[in-house]
Amino acid sequence: MEGQQGIAAGPNPFCDVGRTHPRDRHRMRPVADQPGVWGCDRHDLFARVIPKEDAASLERGDPFPLPEGGEATVVRAGDERQGGVLLYYRT
Ligand SMILES: [Zn+2]
């Protein structure tokens, strides 16, 4: 069994760019080599589920250290799912 970090269950989330532009709504796709991560190739955007308490302290533009290494930049916290919150970020 994978831990919560590795789950990418449920529908693919809408891309954050498309979400705010109704005529350009499209969904993100699971990233092949990163379980639990969705990505949008067109907009260089990623999303993953993080604990709600972590999301509460994150603002747009904040650094977001990736569990697998490296650092990303917070775009926005999105919908709740799987007991956490969807976080959109750029790398
Ligand atoms: Zn997109």
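Q: Which residues is Leu58 in contact with, leaving aside its neighbours within four places in sequence?
A: This is a predicted model. In it, Leu58 contacts Phe64, Val74, Ala77 and Leu87, once neighbours within four places in sequence are set aside.

Q: Where does Leu58 sit?
A: In a loop. The loop runs between α2 (52–55) and β4 (63–65).

Q: Buried, exposed or partly exposed, and why?
A: Leu58 is partly exposed, because 18 other C-beta atoms lie within 10 Å. A residue needs 20 or more to count as buried.

Q: And how far is Leu58 from Arg25?
A: Their C-alpha atoms are separated by 25 Å. Along the chain, Leu58 and Arg25 are 33 residues apart.

Q: Let's zoom out. How many helices and strands are there?
A: The protein has two helices and six strands. Along the sequence the pattern reads α-β-β-β-α-β-β-β.

Q: Why call it as compact as a globular protein of that length?
A: Because the radius of gyration is 12 Å, close to the 12 Å the globule rule gives for 91 residues.

Q: What does the C-alpha trace span along its principal axes?
A: About 35 × 30 × 25 Å.

Q: In what order do the strands line up in the sheet?
A: The order is β1-β2-β3-β6-β5-β4. It is an open sheet of six strands, and the pairing is antiparallel.

Q: Which are the edge strands?
A: β1 and β4. Each of these pairs on one side only.

Q: Start at the β1 end. How many bridges does β1 make with β2?
A: Two, with the strands antiparallel. β1 covers residues 29–30. Arg29 stands opposite Gly39 in β2.

Q: What's between β1 and β2?
A: Six residues, and the two strands form a hairpin. Gly36 is in the turn and has a positive phi of about 85°.

Q: Next pair along. How do β2 and β3 pair?
A: They are antiparallel, over four bridges. Trp38 has Ala47 in β3 as its bridge partner. β2 and β3 also form a hairpin, with four residues between them. In that turn, Asp44 has a positive phi of about 55°.

Q: Which β2 residues are buried on each side?
A: Val37 and Gly39 are buried on one side. Trp38 and Cys40 are buried on the other. That leaves both faces of β2 covered.

Q: How many bridges join β3 to β6?
A: Six, and the strands run antiparallel. Ile50 has Val85 in β6 as its bridge partner.

Q: How many residues of β6 are buried?
A: Five of its seven, which leaves β6 mostly covered.

Q: And what about β5 and β6, how many bridges there?
A: Six, antiparallel. Arg81 stands opposite Gly84 in β6. β5 and β6 form a hairpin with two residues between them. Gln82, in the turn, has a positive phi of about 50°.

Q: Last pair. How many bridges for β4 and β5?
A: Three, in the antiparallel sense. The bridge partner of Pro65 is Glu71 in β5.

Q: Change of topic. How many residues are in the largest nonpolar core?
A: It has 19 residues. Those with the most contacts inside it are Leu45, Phe46, Ala47, Val85, Leu87, Tyr88 and Tyr89.

Q: Which elements give two or more residues to this core?
A: β2 (37–40), β3 (45–51), β5 (71–81) and β6 (84–90).

Q: What does Leu45 touch, not counting residues up to four places away in sequence?
A: Cys15, Asp16, Val17, Gly39, Cys40, Val75, Tyr88 and Arg90.

Q: What share of the protein counts as buried?
A: 26% of the 91 residues.

Q: And what share of contacts comes from residues 24 or more positions apart?
A: 44% of the contacts with a separation of 6 or more.

Q: One more residue. Where does Gly69 lie?
A: In the loop between β4 and β5.

Q: Is Gly69 buried or exposed, and why?
A: Gly69 is exposed, because it has 6 other C-beta atoms within 10 Å. The cut-off for exposed is 12 or fewer.

Q: How far apart are Gly69 and Pro51?
A: 18 Å in space, C-alpha to C-alpha. In sequence, Gly69 and Pro51 are 18 residues apart.

Notes. Residues are numbered from 1 along each chain as its sequence is written. This is a predicted model: local features need pLDDT of at least 70, side-chain atom pairs count only at pLDDT 80 or more; totals for chains, interfaces and linings use all residues. Two residues are in contact if their C-beta atoms, placed from the backbone, lie within 7 Å. A nonpolar core is a set of buried Ala, Val, Leu, Ile, Met, Phe, Trp, Tyr and Cys residues joined through C-beta atoms within 7 Å. Two strands pair if DSSP finds at least two bridges between them. The radius of gyration is taken over C-alpha atoms; the globule rule is 2.2 Å times the number of residues to the power 0.38.
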